[in-house]
Amino acid sequence: MTLSRAEPSADAAWTVILAGVAAAMHVAKLPPALPVLQQQLGIGLVQAGFLLSLVQLATMALGIVAGLTADGIGLRRSMTTGLALLFAAGLAGGWARGAGTLLALRALEGLGFLLATVPAPSLVRRCVPPALTMRMLGFWGAFMPFGTALALLCGPAVLGWVGWPGWWWLIALLSGLMALAVQARVPADPPRAAVHADGWGARLGSTLGCGGPWLAALTFCFYSAQWLAVIGFLPSLYAQSGWGGALGAVLTALVAAVNIVGNVAAGRLLSAGVAPRTLLWAGFGAMALGAFLAYGAPTQHLALPRYAGALLFSAVGGLIPGSLFALAPRLAPSDRTVSTTVGWIMQWSALGQVGGPPLAAWVASRAGGWQLTWVVTGAACLCGALTAWLIGRRLRTP
């Protein structure tokens, strides 16, 4: 196959999506390995917390910069560069012998993750005809929950077989292979002269001066803040219900995995003509009800309704990221700023992930339990429903 002759196709779009899954596994590879890292490298709880949050902190600080870079250097070039960084950082990480080295490499992985993922919606859009765009972008919206569930399910077995260095090297190898696949199967970027038709300042001003990217970013923030707050503390509830150990890990992975359902459904429903506002409202409504069932006082001693609420929260809540990723090209001020818009969305998503869990934990500490967690998530749902209404108004504007 001649690399420069790759043609737009559904296969090329699937290559982009699978590359995103490989990148997501770098983010999710850490939780299963933390107990081993703490034991073998002497990593403390504070250092473990930084290892977990560094990717989110990098996204919170550099999301829009990564988007500007992707729009500037070319979409395929950005994705392959990001995957190469993930490969190099993962490969080096397997030889790390201290927390400091792992922290530095984790920051590099955060940058690689951004460069690999922010251009993906535009690449998917480039690879398929308009009739398939919404559907394929719905599949792209599932890259994070799919990669997370895969890492949570496979991690313990791989760690028991080859140890944490082998786990690092395996995921690095996946990213390296996907970098080669993207280079071979995804259409090349336009000539650099066309890529640099406008400068960073113009693209940044255009994006931040337009209401669409702000509405999408805020909506994603209200989603991600409660998503991580609910999912992150589920193991604590499972332990109280006697669902600890391997069973608790599988149940948590399943809750993360069913988020894929909503993401994929969003693409199909948007293609069928369902209004974006309707999907966003359905997602936030289900998250409000699901969080109440999962954490509310009426189900405190009812394990199955709590788990059903978590599944509802995740599955139907997946309509939100699936819709927002699919709508990014329509909410961006121009085709030349789609990746910048996605970077801005991811930046605010990371802000929600960093701020949501501490707020939920603070409320739980003040209330003496998790029974008021649904109040925090419900407030986020109300704010998200408002921004969804504004998105609907904006999309109707000629």
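The structure holds 15 aromatic pairs. Here, rings of Phe, Tyr and Trp (its six-membered ring) pair if their centres lie within 6.5 Å; planes under 30 degrees apart are stacked, over 60 edge-to-face, and the rest tilted. This is a predicted model, where local features need pLDDT of at least 70, side-chain atom pairs count only at pLDDT 80 or more, and totals for chains, interfaces and linings use all residues. Residues are numbered from 1 along each chain as its sequence is written, and side-chain values use heavy atoms, with hydrogens and water left out.

**Aromatic rings**

- Trp344 and Trp348 form an edge-to-face pair, 6.0 Å centre to centre with 75° between the planes.
- Both Trp344 and Trp348 lie in helix α18 (residues 338–367). They are four residues apart, about one turn of the helix.
- Helices (H or I, at least four residues) are DSSP runs, numbered from the N terminus.
- Trp344 is buried, with a relative accessible area of 10%. Trp348 counts as buried at 19% relative accessibility.
- Buried means under 20% relative accessible area, exposed means over 50%, and partly exposed is in between (1.4 Å probe, protein chains only).
- Ring pairs also link a cluster: Phe113, Trp140, Phe143, Phe220, Tyr223, Trp227, Phe313 and Phe325.

**A buried serine**

- Ser175 sits in helix α8 (residues 143–185).
- Ser175 counts as buried because its relative accessibility is 0%.
- Ser175 touches Ala22, His26, Leu83, Leu86 and Phe87, leaving aside residues up to four places away in sequence. Such a contact means heavy atoms within 4.5 Å.

**A nonpolar surface patch**

- Leu62, Val65, Leu111 and Trp200 form a nonpolar patch on the surface. Together they have about 310 Å² of accessible area.
- Patch residues have over 30% relative accessible area and no salt bridge; nonpolar side chains (Val, Leu, Ile, Met, Phe, Trp, Tyr) are joined within 5 Å, like charges within 9 Å.
- A salt bridge is a side-chain nitrogen of Lys or Arg within 4 Å of a carboxyl oxygen of Asp or Glu.
- Accessible areas come from the Shrake-Rupley method with a 1.4 Å probe; for residues, only the protein chains shown count as cover.
- Leu111 belongs to helix α5 (residues 99–117). Leu111 counts as partly exposed, because its relative accessibility is 33%.

**Cysteines**

- The count of disulfides (pairs of cysteine sulfur atoms within 2.5 Å) comes to zero.
- Cys210 is in no disulfide; the nearest cysteine sulfur, that of Cys221, is 19 Å away.
- Cys210 counts as buried at 13% relative accessibility. Cys154 counts as partly exposed at 32%.

Key. Helix = DSSP H or I, 4+ residues; strand = E, 2+ residues; numbered from the N terminus.
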